[in-house]
Amino acid sequence: MTTLPSSKPTMPPLRYHVQHVTEYDYDHTVTLSQQLLHLTPRDSAYQQCLYHQIRISPAPSESAEHADFFGNQSRCFAIYAPHEALRVSAEFSVQLSARPTMDSLPASTPWTVLRDMLQEQASQHLEACAYLYGSPKVPCSPALADYASLAFTPDRPILDASLALTQQIYHDFEYDADATDVSTPLHEVLHNKRGVCQDFAHLMAGCLRSLGLACRYVSGYILTNRDAGQPALIGADASHAWVSVYCPQYGWVDFDPTNNCLVQHEHVTMAWGRDYTDVSPMRGVVLGGGGQRLKVSVTVTAIGDRAPAVQLPL
Amino acid sequence: MSLLLTSYPRQPDRHDELLTETGEPRQHWQALLEMLAMEAPAEMRERAESVRRQVRENGVTYNVYADTKGLQRPWDLDVLPFILPHEEWAGIESAIIQRAQLLNSILLDVYGEQQLLQQEQLPPSLIHGHAGFLRPCHGIRHPDDIALHFYAVDLARSPDGSWWVVADRTQAPSGAGYALENRTVIASVFPDLFRDLNIQRLSGFFNSLRDSLNHWGRECAQRQSALDARIAPLSVGEQPLTVLLTPGPYNETYHEQSYLAGYLGFPLVQGNDLTVRNGVVWLKTLSGLKPVHAILRRLDDDFCDPLELNADSVLGVAGLTDAARRGNVLIANSLGSNLLQSGALLGFLPGLCERLLGQPLQMPSVATWWCGEPLALQSVIANLDTLVIKPAFPQIQERPIFGADLDAEARAALIEKLRQAPQNYIAQEMVNISQAPVWDGHGQQVSARAVGLRVYACATPQGYVVMPGGLTRVATGLDNRVITMQRGGTSKDTWVTAPHSMAYRSLIRHTTSSRDLVRSDAFLSSRMVENLFWFGRYAVRNHHIARLLRTAIHYLLEFSPEHRAVEWPTVQQLCVWYGLMPPDEEDDLGHAIPTTLSDEDIEALLVAAVYDSGANTLASNVQHFFHLAFKLRERLSDDNWRMINQMSQRFGQGHAEPTLSDALEQLDETTLGLVTLAGFTLDGMTRDHGWRFLSIGRRIERLQFLCILLLRALAMPVQANLDWLLELTDSIVTYRARYSAQPEWLPVLDLLLMDENNPNAMVFQLKGLAKYLGQIGATYSSGGEAERISELLTQLRGFDPDATLCQGNIQLINWLNATYQASLQVSNQLNLRFFSYSGR
């Protein structure tokens with residue numbers, strides 16, 4: 001969960017290489033492990049996958065891929081051989097193309113009009129309907145609608161209001177990795193005004209859906225802040241999350257409340273869904289194992305960045 | 001007749017099932033009324049008594065969640081059947097078939113192309129906003145386009161005499177098994193009437209259900225072996241493996257599930273009995289993994305698969321969704337079918353029926369408004385007095401609220417709640433449902449109660465068929481508007497007369513082929529044998545604990561601290577070993593500091609060791625034993641079960657501050673109960689591999705105890721009295737009969753170690769253990785356990801009594817230590833080979 005540099009790099013590289021390593025270390029032998037991965041980047045108008053590989057150790061006894069309900073590529077695998085540790089490494093590179101800036105997204109539909117359209121002409125916006133209601137991690141509530149109403153003043157264009165809400169969350173909330181974990185409920189985040197990118201994405205999605213608007217949760221990666229000339233630190237990065245707002249004129253437009261920005265070309269998209277539960281990079285069931293230690297390391301490198309990568313001391 | 005009906009209440013605002021508007025009995029009830037009028041009053045008393053007895057003896061129960069005392073509530077069954085004439089039934093049957101077809105089509109569409117959303121036949125909020133819409137289940141394909149295999153519908157009759165649908169049950173309908181049991185009981189108390197009225201049998205329906213699931217299961221079997229060459233195709237005449245998946249013994253209808261499983265001949269399995277490999281579901285049995293072809297589930301949708309659905313579920317099978325997606329297993333009903341079990345859908349059905357089936361909906365639903373539609377919400381709020389508010393989705397567990405019952409404050413609160421989350425609620429018109437005769441046991445006459453009817457349908461390759469009967473549910477006396485078995489309602493057998501004479505078919509399947517006998521053992525699940533093993537161990541462990549505590553209390557009561565000083569430390573050490581008393585404290589160097597406890601301290605510790613609910617007391621061990629027994633209910637006889645039930649209940653009764661003499665009484669009763677159970681085990685259980693695992697568990701536990709006991713006792717000072725040792729091992733009577741002298745080590749050790757005739761001797765335990773391990777090894781390949789035990793047995797038999805059977809003999813000490821280690825290893829090996837949930 002990382003934040004962008006306050007000033008954007010002047011010449012953003014458009015190709016990224018990402019390595020996402022998940023390692024489990026178990027107290028006792030695991031006799032059966034079944035896992036479900038969302039570790040394949042999505043192709044879109046703004047993103048093209050150039051190379052992708054998932055390596056699993058110990059070698060899976062079986063493995064299969066399928067596209068989930070939201071169109072994400074997911075892979076399930078199982079290991080029958082007894083093992084004490086599990087390592088899943090996803091490595092890929094993508095090419096991004098520029099997304100529209102706010103200047104090129106003028107006069108979007110007033111959000112109140114859009115809300116009524118989604119209610120009254122739902123069949124014409126079926127794709128949006130999948131992201132219109134509460135979900136396991138994002139229950140709708142009047143409190144969320146209240147919080148959003150500061151940015152969502154009547155008749156304000158949906159994208160202007162969304163950017164305002166992005167800024168509002170950025171200013172009102174403090175980034176604090178110790179304040180929450182994956183099970184922290186949304187109302188607590190709203191109350192304590194602290195959290196990480198996942199919380200802020202859930203919060204923003206909850207705000208929009210509580211107003212009757214459609215909003216996706218997007219998971220992916222972002223190029224992190226580095227001092228010029230410093231080598232990239234392998235594994236120092238993390239997964240990231242932001243939201244995508246439905247706007248009939250322009251399609252889905254991504255906002256990043258953690259970094260206070262309209263998503264441009266630093267964000268690598270992996271998967272989207274209603275919330276984290278739909279797209280978690282890795283979830284699974286193991287038999288045995290006892291206690292476990294989890295280590296996740298993510299490295300995002302801009303291709304063409306000359307600085308050599310060095311291994312972080314473990 | 002008039003006498004019987006003197007206090008039968010007439011209610012002008014309800015339809016009466018028994019009487020016409022003019023007060024005449026309806027034709028289909030006349031035979032029953034005439035019979036009752038002609039016979040002596042005692043006859044009905046006997047019938048009612050017989051019904052009660054049969055329900056009790058068959059062990060028909062309905063569990064109530066979160067109520068440990070109510071876990072065993074007997075099923076409530078009225079002696080009078082609910083009778084329907086076949087002319088009327090034909091209409092119900094046809095309407096239910098149509099409705100099942102309709103709901104099946106909706107299910108296919110919502111989890112498939114979603115044309116109904118595109119065509120605005122269904123509002124998207126009803127699907128995408130429904131917590132029961134399981135996205136991972138989207139795209140699952142179904143053989144013959146059937147996703148709804150087993151369907152139930154709750155009907156009620158309105159004042160004008162027409163039937164209405166109150167609710168649909170599309171996920172895992174319960175009650176069909178109870179209907180079957182009701183029939184067995186009620187048909188037996190009205191044998192002549194049942195025959196004369198020519199009542200339609202239920203068995204054909206269940207045969208259809210079984211045959212249809214097997215039919216589609218066979219398709220899955222073909223698919224499995226086509227995709228994976230290692231899976232052999234079904235041989236000619238071989239049945240596909242269909243299992244009934246239960247949430248487990250704590251589910252409210254567990255009894256029914258085990259009954260149905262037995263009746264249909266499907267193994268009753270829990271989630272951890274199954275495992276998914278390469279998209280195929282396997283049953284873990286003693287003899288390895290067997291491919292499963294169809295699953296009749298009683299587990300809720302989202303609990304079925306922790307990998308893709310609710311990650312918190314411990315009841316499901318990881319990978320089940322993927323297996324269904326690949327078409328390798330038939331799941332009845334399909335995952336995600338809970339979606340349709342929503343009152344919010346009712347209002348859309350007439351339009352959907354026209355659109356999907358091209359015909360008008362035959363049976364209307366009770367007028368229902370889904371508050372998720374803004375116009376409906378306004379109208380609901382305006383007409384609250386005449387409506388009942390219910391949750392729209394099954395995930396929302398709230399009781400129905402009757403608008404008419406509310407005062408101004410509660411009414412305002414309800415309206416606020418509806419406005420906050422309108423999509424979560426529906427409003428239904430209040431219907432004065434019909435009343436039917438029930439037998440009033442106190443007044444010995446016919447009384448009346450409101451009734452509702454649950455009707456069942458199952459899919460067959462030739463279309464849906466409807467069970468000719470169903471579960472009639474009777475409202476509690478207090479509130480005629482609410483019918484629920486959860487809150488203590490009664491049920492009735494439902495009789496549908498036959499249009500023409502139908503051949504008599506027994507409910508009981510008479511033809512059991514030798515195949516079936518082989519099957520029952522082949523599908524002995526790993527979980528079942530593990531439970532049997534631990535059941536055996538805990539039965540013996542509790543016996544030891546009870547005897548040990550009794551010995552300790554006797555020492556305390558009969559001897560002063562000085563007089564018991566020689567033996568007491570050993571007794572106390574054994575109590576510590578079982579965790580019944582706290583261990584000695586240790587000094588900085590790890591040496592035990594001998595604690596000198598006062599008699600009062602010891603008394604308090606011993607009483608606590610009997611009664612406390614904490615870990616390692618007799619009470620908690622008995623509780624654990626009870627839970628193991630509960631999981632084995634279908635294998636335990638009623639007597640067996642009653643004994644265990646009583647034993648566990650006695651710990652919960654009274655004794656705010658139990659005394660030492662209360663404790664002694666409790667220990668005597670517990671010991672007696674466990675001895676009786678041991679007798680059942682010996683006399684009453686079939687010698688199959690399950691029984692062998694139970695017996696192995698008993699013997700391993702006994703061996704461990706004897707090893708520890710003798711190792712400690714042999715370390716006592718030479719002047720120690722050995723009476724307590726014989727008392728504790730239940731060998732005192734034998735010893736006295738043989739030696740009539742103060743016990744000495746040589747004869748005591750001979751009796752406890754080497755006497756082949758003493759069932760409490762180690763040689764006897766080892767002999768049995770080697771035999772049972774050998775028998776299991778012969779079936780499932782040897783793991784070397786039997787050989788290990790036989791070796792110890794040979795060593796023991798080779799001892800020279802004069803040289804070995806005395807204190808301080810190193811050979812004896814080594815042998816006891818080796819035997820103890822072997823018992824631990826055998827237990828672990830069995831665990832790895834047979835119980836390990838990872839399968840093999």
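Let's start with the open sheet in chain B, where three strands run in the order β8-β9-β10 with antiparallel pairing. Strands here are DSSP runs of E with at least two residues, helices are runs of H or I with at least four, and both are numbered from the N terminus. Two strands pair if DSSP finds at least two bridges between them.

On average, neighbouring strands are turned by 40° against each other, direction ignored. The axes behind that angle are lines fitted to C-alpha atoms, for helices over the stretch in contact, and angles run from 0 to 180 degrees between N-to-C directions. Between β8(B) and β9(B), which run antiparallel, there are four bridges. Leu274(B) has Leu283(B), in β9(B), as its bridge partner.

A word on the model. It is predicted, so local features need pLDDT of at least 70 and side-chain atom pairs count only at pLDDT 80 or more, while totals for chains, interfaces and linings use all residues. Residues are numbered from 1 along each chain as its sequence is written, and chains are lettered from A and ligands numbered from 1 in the order in which they are written.

Next, the domains. Chain B is assigned domain 1 (207-332), domain 2 (367-430), domain 3 (524-685) and domain 4 (687-840); the bounds come from an automatic or database domain assignment. Between domain 1 of chain B and domain 3 of chain B, the C-alpha centres are 40 Å apart. Their contact takes 11 residues from domain 1 of chain B and nine residues from domain 3 of chain B, where contact means that the C-beta atoms of two residues, placed from the backbone, lie within 7 Å.

Which elements each supply at least two residues of the domain 1 side? They are β7 (268-269) and β9 (280-285) of chain B. β9(B) gives the most, with three residues. By type, that side of domain 1 of chain B has five nonpolar, four polar and two charged residues. Nonpolar means Ala, Val, Leu, Ile, Met, Phe, Trp, Tyr, Cys and Pro; charged means Asp, Glu, Lys and Arg; the others, Gly among them, are polar.

Now the two chains. In the contact between them, 23 residues of chain B meet 20 residues of chain A. On the chain B side, α4 (115-118) and α5 (124-128) are the elements giving two or more residues. The largest share, three residues, comes from α5(B). This side of chain B divides into nine nonpolar, 10 polar and four charged residues.

Last, some backbone details. Ser57(A) and Pro58(A) are joined by a cis peptide bond with omega about 0°, and Pro58(A) lies in the loop between β2 (47-57) and β3 (62-67) of chain A. In chain B, the peptide bond from Ala332(B) to Asn333(B) is also cis, with omega near -5°. Asn333(B) is in the loop between β12 (330-332) and α11 (349-357) of chain B.

Ala107(A) is not a glycine, yet its phi is positive, about 50°. Is Ala107(A) buried or exposed? It is exposed, with 9 other C-beta atoms within 10 Å. The cut-offs are 20 or more other C-beta atoms within 10 Å for buried, 12 or fewer for exposed, and partly exposed in between, with C-beta atoms placed from the backbone.
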